[in-house]
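Biologist: I am new to this structure. Please show me how to read its features.

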Amino acid sequence: MEVEKIFEVLLYAVPALITGMIAYYFFKEHTKNEDGRRRFLLHKDIQVNTLPIRLQAYERMALFLERITPSKLLIRVIPNSSNKEDYESLIIATIEQEFEHNLSQQIYMTDECWNIIAAAKNATIQLIRKASLLEKTDTANKLREVVLTEMMEKRAPSDAALSYIKQEVSDMW
């Protein structure tokens, strides 16, 4: 008789356990799907709100790169005196000031893009310093002439960075 009672208890317990396991599985899957749906909606909402800000950051950095292109920079920044060292310092200070003004834009860009922009800035400064060290460069106007002549022969460092920004923005779509 005890065996019959145990068998009877098992007959009632096994379907209850199976039903409980199925319910647990369905609730687990439902919770997982609901969590995924919430994450998707949150991600979509964040993208809608941050895309204009990210695009604005890329626009500002494109403007920065255009402004530090030596041919445009040297036309915009006129020497105060004929001293080449003073003019070199003025140009470099202008580039650094422009860069510092846009430092906050890096949080909206990829690290690789930001590093390329910083490298373009440093290469532009290096180009100006090298031109200033040449013996034939003895005045501020001669420095301008040497840098502008060099820019006619090769691309500005900011051109490569600008191309990279354009590519990165086109990849956003």
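Predicted model: local features only at pLDDT ≥ 70, side-chain atom pairs only at ≥ 80, totals over all residues.

Biologist: Which residues have the most contacts inside the largest nonpolar core?

Modeller: A nonpolar core is a set of buried Ala, Val, Leu, Ile, Met, Phe, Trp, Tyr and Cys residues joined through side-chain atoms within 4.5 Å. Buried means under 20% relative accessible area, with a 1.4 Å probe and protein chains only. Here the largest such core has 34 residues, and Leu-65, Ile-117 and Ile-165 have the most contacts inside it. Helix 4 (111–133) is among the elements giving two or more residues to this core, and its nine residues are the largest share.

Biologist: What does Leu-65 touch?

Modeller: Contact means heavy atoms within 4.5 Å. Leaving out residues up to four places away in sequence, Leu-65 touches Ile-117, Ala-120, Ser-158, Ala-161, Leu-162 and Ile-165.

Biologist: How many helices and strands are there?

Modeller: Both are DSSP runs numbered from the N terminus: helices are H or I, at least four residues, and strands are E, at least two. The protein has six helices and zero strands.

Biologist: What is the mean pLDDT of the protein?

Modeller: pLDDT is the predictor's confidence in each residue, from 0 to 100. The protein averages 90, and 99% of the residues score at least 70. Residues are numbered from 1 along each chain as its sequence is written, and side-chain values use heavy atoms, leaving out hydrogens and water.

Methods. Buried < 20%, exposed > 50% of the residue type's maximum accessible area, 1.4 Å probe, protein only.
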